[in-house]
Amino acid sequence: MTKSDHIIKSLRDDGFRITTVRQAVVDLITYSANPLSSPKLQKILSDKKIKANKTTVYRELEFLLSQNIIKELKFDDGVSYYEITPKDHHHHIVCTHCNNIEHVELPHDLDVHEQKIARKNNFQVTAHTLEFYGICGRCRTASRI
Ligand SMILES: [Zn+2]
Ligand SMILES: [Zn+2]
Ligand SMILES: [Zn+2]
């Protein structure tokens with residue numbers, strides 16, 4: 001079974017109906033290399049001739065969030081992006097020019113910094129968020145920034 005088959009099967013096993021939109025949204029978010037926004041999802045669905053208005057997509061995303069299948073990400077542009085709830089902790093690089101977002105894993109992550117904070121500030125870190133903003137290669141090539 002593919003990754004999205006597993007998700008669909010578990011929803012079905014839990015007694016949820018699998019609509020065309022539900023199947024499509026799960027597939028799109030699962031196989032997208034980048035986190036997707038709701039407007040972007042809507043556009044891809046309409047390109048695929050799947051009828052889904054803003055409200056339908058919103059409700060579907062709310063449903064998938066409530067089932068902990070997807071995770072909502074927020075960046076400086078104020079738009080929500082969605083990715084499949086990651087198994088591995090990671091961060092994101094965000095192009096401020098085209099808003100493309102990619103996942104990045106950092107070796108050893110922020111372990112050293114968290115240990116320092118624990119010692120210096122007597123503070124046990126339980127979570128952190130960190131995003132990198134910049135200009136992606138495509139945008140740099142296109143506009144010679
Ligand atoms: Zn870019
Ligand atoms: Zn990610
Ligand atoms: Zn981290």
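In what follows, Ala, Val, Leu, Ile, Met, Phe, Trp, Tyr, Cys and Pro count as nonpolar, Asp, Glu, Lys and Arg as charged, and the others, Gly among them, as polar. With that in hand, welcome to a quick tour of this predicted model.

**Zinc ion (ligand 2)**
- Glu-83 (OE), His-90 (NE2), His-92 (NE2) and His-103 (ND1) are the protein donors here, at 1.9 to 2.0 Å from the ion.
- The site is tetrahedral, and the angles among the four donor atoms run from 99 to 118°.
- Along the chain, these donors are spaced E-x6-H-x1-H-x10-H.
- Glu-83 and His-90 are both buried.

- His-91 in strand β4 (residues 91-95) and Asp-109 in the loop between β5 (101-104) and α5 (111-121) link distant parts of the chain, 18 residues apart.
- His-91 has a relative accessible area of 2%, so it counts as buried, the cut-off being under 20%.

**Largest pocket**
- Its volume is about 350 Å³.
- It is lined by 18 residues, with Lys-3, Ile-84, Thr-85, Pro-86 and Lys-87 the closest to its centre.
- At least two lining residues come from each of α1 (3-13), α2 (20-31) and β3 (80-84).
- The lining holds seven nonpolar, six polar and five charged residues.

**Second largest pocket**
- This pocket has a volume of about 290 Å³.
- Among its 15 lining residues, Asn-34, Pro-35, Lys-40, Asn-99 and Asn-100 are the closest to its centre.
- β1 (36-37) and α3 (38-47) each give two or more residues to the lining.
- By class, the lining has seven nonpolar, five polar and three charged residues.

Note on methods. Residues are numbered from 1 along each chain as its sequence is written. Chains are lettered from A and ligands numbered from 1 in the order in which they are written. This is a predicted model: local features need pLDDT of at least 70, side-chain atom pairs count only at pLDDT 80 or more; totals for chains, interfaces and linings use all residues. Side-chain values use heavy atoms; hydrogens and water are left out. Donors are N, O and S atoms within 2.8 Å of the metal (3.2 Å for Na, K and Ca); water is not among the atoms, so sites may look incomplete. Four donors count as tetrahedral if all angles lie between 85 and 135 degrees; four count as square planar and six as octahedral if opposite donors are over 155 degrees apart and all others between 65 and 115; anything else is irregular. Buried means under 20% relative accessible area, exposed over 50%, partly exposed in between (1.4 Å probe, protein chains only). Helices (H or I, at least four residues) and strands (E, at least two) are DSSP runs, numbered from the N terminus. On a 1 Å grid over the protein atoms alone, a cavity is a set of points where a 1.4 Å probe fits but cannot get out, and a pocket is an open set with protein on both sides within 12 Å along at least five of seven lines; lining residues have an atom within 4 Å of a point. Grid points are joined across faces, edges and corners, and a volume is the space filled by probe spheres set on the points.
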